[in-house]
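This briefing sets out computed features of one structure, grouped by topic. Please read it alongside the sequence and coordinates.

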Amino acid sequence: MATVTDNAVTETTTKASGRPAKRAQPRAQSTATVIVLRVLVIVLALVLWQVMSGPVVPEYAVSKPTDVYDALTGMLGSSAGWNNIWVTTVEVLSGFGLGVAAGTVMGLFLGSFPLLGRVLEPLVAAVNGIPKIALAPLFLLFFGIGQWSKITIAMTGVAFVVFYNIYLGLRLRERELVEVVQVMGGRRHHVLGYVTIPTLAAPFFAALKTGGPLAILGVIGGEFIASSEGVGHELFTAAQNLDAASEFAGLIVLVALTLSLNGVLTALDSYALKRLGLAARRRPQTKS
């Protein structure tokens, strides 16, 4: 009885003081567990790759992690390797930026004039239906094998993604909200600030995240077809030489470029939505 009474007194004191009892932090433990499991999965995959390369899978097709590491360090340790990375990065960023600008202008223009949008929408859909990599030879005829042909290919893929998100966002904009702002004496810049931008923010940043990999795909595809420098050129050369280690090293560089671009876009997305007041709000914690 004394033990039960002591426990009851302890629980009552804890509730009265408003201080919760010390508990384990399941969320932190869960995050740490996930990270450890991810590392273990990667290590296990590398070990299996190293062991199976040769006896099970032809080494010329998949190489070995140790050889890939040597090829990657060789690429990052040479001026030629960094020059190829720099060329591809410039092409991706330039094509991505120009594509975002072109798609935004097209989407805002056709979305602001519904009649013109209905007239040109089938034409835009027809051009968008053409595989962008199929346009690469045409761009090569216009711009040669230099950087501008790859930038144009990347820009084309990104522009249509951004266009459709902006265009459909404007079409789905609630007309009632626009009319309310106009009735209250609001002008076009008020409608833009209070209705249009908040409506288009989410689809616009979704288009950016989708367009990033498309820009990289367009640049690498263009470098595959005709180029004298760039990561895509190195990948194509490695494939011709049956150099799987250099092939995987180039793929690692592309993965790093993709993750870096996606991280920047995610941070920009979070910042912009927070500034617009559209970020997900956390529920206030109730004290027991």
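A contact is a pair of residues with heavy atoms within 4.5 Å. Among contacts in the chain between residues at least 6 apart in sequence, 69% join residues at least 24 apart. The model is predicted, so local features need pLDDT of at least 70 and side-chain atom pairs count only at pLDDT 80 or more, whereas totals for chains, interfaces and linings use all residues. Residues are numbered from 1 along each chain as its sequence is written, and side-chain values use heavy atoms, with hydrogens and water left out.

**Overall architecture**

- The chain has twelve helices and zero strands, where helices (H or I, at least four residues) and strands (E, at least two) are DSSP runs numbered from the N terminus.
- Of the 288 residues in the chain, 32% are buried; buried means under 20% relative accessible area, exposed over 50%, and partly exposed in between, with a 1.4 Å probe and protein chains only.

**Cavity**

- Rolling a probe the size of a water molecule over the atoms shows where empty space is left.
- A cavity is a set of points, on a 1 Å grid over the protein atoms alone, where a 1.4 Å probe fits but cannot get out; its lining residues have an atom within 4 Å of a point.
- Grid points are joined across faces, edges and corners, and a volume is the space filled by probe spheres set on the points.
- The search of the whole structure finds one cavity of 30 Å³ or more, and the largest cavity has a volume of about 40 Å³.
- The lining of the largest cavity consists of Lys209, Gly212, Pro213, Thr258, Leu261, Asn262 and Leu265.
- Helix 10 (188–225) and helix 12 (244–275) are the elements that give two or more residues to this lining, and helix 12 provides the largest share, four residues.
- By class, the lining residues are three nonpolar, three polar and one charged; Ala, Val, Leu, Ile, Met, Phe, Trp, Tyr, Cys and Pro count as nonpolar, Asp, Glu, Lys and Arg as charged, and the others, Gly among them, as polar.

**Helix 7**

- Ala136, Phe139 and Leu140 are the buried residues of helix 7 (residues 136–143).
- Seen down the axis of helix 7, these buried residues fall within an arc of 105°, so they line one face of the helix; the arc is that of the directions from the helix axis to the C-beta atoms.
- Leu141 and Phe142 are exposed residues on the face of helix 7 turned away from its buried side.

- Most residues other than glycine have a negative phi.
- Ser63, although not a glycine, has a positive phi of about 60°; Ser63 lies in the loop between helix 3 (59–62) and helix 4 (65–76) and is buried at 5% relative accessibility.
- Leu242 also has a positive phi, near 55°; Leu242 lies in the loop between helix 11 (231–240) and helix 12 and is exposed, with a relative accessible area of 62%.

**Aromatic pairs**

- The structure holds seven aromatic pairs; rings of Phe, Tyr and Trp (its six-membered ring) pair if their centres lie within 6.5 Å, and planes under 30 degrees apart count as stacked, over 60 as edge-to-face and the rest as tilted.
- The rings of Phe142 and Phe143 have centres 6.4 Å apart and planes at 50°, so this pair is tilted.
- Phe142 is exposed at 64% relative accessibility, while Phe143 is partly exposed at 43%.
- Phe163, Tyr164 and Tyr167 are linked by ring pairs into a cluster.

Conventions
1 Å grid on protein atoms, 1.4 Å probe; cavity = no way out; pocket = protein on both sides within 12 Å on 5 of 7 lines; lining within 4 Å.
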